[in-house]
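Thanks for coming. I will go through one model this morning, starting with terms and ending with the sheets.

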Amino acid sequence: MQHDHRRLGRELGLFGTDPLMGAGLPYWLPDGAVVRHALEEYVREAERAAGYRHVYSPVLGKRELYEISGHWDHHSEDMFPPMELGAEQVVLRPSLCPHHALVYRSRSRSHRELPLRIAELGGMYRSEPSGVLNGLTRVRAIQLNDAHIFCTLEQAVEEARAALALISRAYADLGVRAARHRLSLPGDGGKYVADPALWERATALLREVLESSGTVYEAVEGEAAFYGPKIDVQVADPAGRETTLSTVQIDFHQPERFALRYTGPDGARHRPVMVHRSVIGSVERAVAHLLEEHGGALPVWLAPVQLAVLPVGGAQEERAHDVVRRAGELGLRAEVAAAGGGSLGARIRRARLVPYQAVLGAREAADGLLAVRLRDGHRPGALPVEEVLRRIAERAARRGTGLWEPA
Ligand SMILES: [Zn+2]
């Protein structure tokens, strides 16, 4: 398939795997690391602006931690086997939630601190069977954009609604379309915690979140987390296959299990609610989806190379390197596609996924100009070097999917 993220990842030199490193354990090449870094930076910035505080927590935890959270009983088929460490057993974590519950519990909390929004882009692990592993979409080592909002019952709907709004804004900046919103409910079988009142309460609140924000949704049984229902934002690949990218959950179960408390205005101790949410899901799946959605032509602010400078002949090469240096000073990622790399036409074709191509011939070099071509076929024409670089830098800073605004 033409838009397969594995093929695009190879063509763009973004990531790879090695049987010796292990199946489902991809590594990121320098250009892939650039994309990932831009994405992570975006998420952290958006979260900071929305009042989240970031933490770091370890990818390992004692087996007991997951016994308390319920992962051990309800989720163990997806977990790596525990490692013996002296008299203890430690486990590669299957989720970040238990760690964040402990961060919350690290000291006493007052109602004045709520909502407390704890975010982390952290590692988690899933022992996927080798048959389902696929590029970046199904992996065993996952870097998750996760957050937990600890709040009062009265604040939960508003916090979940704000998380949905954060997701919509991110989709606009990334050029991602939601295929549909799914309200994921429990199904048959013993994998869900048994507490009907808890499920009903959380489901009613999630319906309120969806309906009050005017979101069209479909309720689907058998897709909930083991501890509660969730809103899943589904995206579709070019073949129409759906996956979950983003989620929002309202959870009464984990606060019970971890005996979380806050002191209310009445001086008494109350149980907070936990809102779990992920804006872009895992970095791996997000990058795979972005590659497929855009056919490799990533938005300017995410593109590993934003500007290719193409000297027509060897005489313009030095000037081309000068342009790349000035672009770098503005924080842009630019490269020279040197004349030695083939005909101008061949070099332009090779740079077809780069948002901007700047041709530098004898006339442009003499006048301090660049002949600009956009990857969508538009040709703004010959413009002063500084103006071209400034406009690209402005475009990148604004994010979104636009390439060139009228001056
Ligand atoms: Zn969680």
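A definition before anything else: two strands pair if DSSP finds at least two bridges between them. Helices (H or I, at least four residues) and strands (E, at least two) are DSSP runs, numbered from the N terminus. This is a predicted model, in which local features need pLDDT of at least 70, side-chain atom pairs count only at pLDDT 80 or more, and totals for chains, interfaces and linings use all residues. Residues are numbered from 1 along each chain as its sequence is written.

With that in place, here is one pair. V309 has A358 in β18 as its bridge partner. The strands concerned are β16 (residues 307-311) and β18 (residues 356-360), which run parallel and are joined by five bridges. They belong to an open sheet of five strands with mixed pairing, in the order β17-β16-β18-β19-β20. At the edges stand β17 (334-336) and β20 (381-384), each with a single partner strand, so one side of each has no neighbour in the sheet. On average, neighbouring strands here are turned by 30° against each other, direction ignored.

For angles, axes are lines fitted to C-alpha atoms, for helices over the stretch in contact, and angles run from 0 to 180 degrees between N-to-C directions. Contact means that the C-beta atoms of two residues, placed from the backbone, lie within 7 Å. Helix α10 (residues 317-329) lies across β16, β17, β18 and β19 (369-374), at about 170° to β17. Helix α13 (residues 385-398) lies across β16, β18, β19 and β20, and runs at about 95° to β20.

Now the whole protein. It has 13 helices and 20 strands, and its C-alpha atoms fill a box of roughly 75 × 50 × 40 Å along the principal axes. Domain bounds come from an automatic or database domain assignment, which gives domain 1 (5-293) and domain 2 (307-398). Taken over C-alpha atoms, the centres of domain 1 and domain 2 are 41 Å apart. Of the contacts between residues at least 6 apart in sequence, 71% join residues at least 24 apart.

What share of the 407 residues is buried? The figure is 40%, where buried means 20 or more other C-beta atoms within 10 Å of the residue's own, exposed means 12 or fewer, and partly exposed is in between, with C-beta atoms placed from the backbone.

A nonpolar core is a set of buried Ala, Val, Leu, Ile, Met, Phe, Trp, Tyr and Cys residues joined through C-beta atoms within 7 Å. The largest one has 92 residues, and those with the most contacts inside it are A160, V275, V287, L307, V309 and A358. Helix α6 (residues 153-174) supplies its largest share, ten residues. Both domain 1 and domain 2 give residues to this core, so it lies between them. Leaving out residues up to four places away in sequence, V287 touches V35, R36, L39 and L136.

Helix α5 (residues 97-104) comes next. Six of its eight residues are buried, so α5 is largely enclosed by the rest of the structure. The buried ones are C97, P98, H99, H100, A101 and Y104. Their cover includes β4, α3 (63-69), β7 (116-125), β8 (141-151), α8 (253-257) and β15 (273-278).
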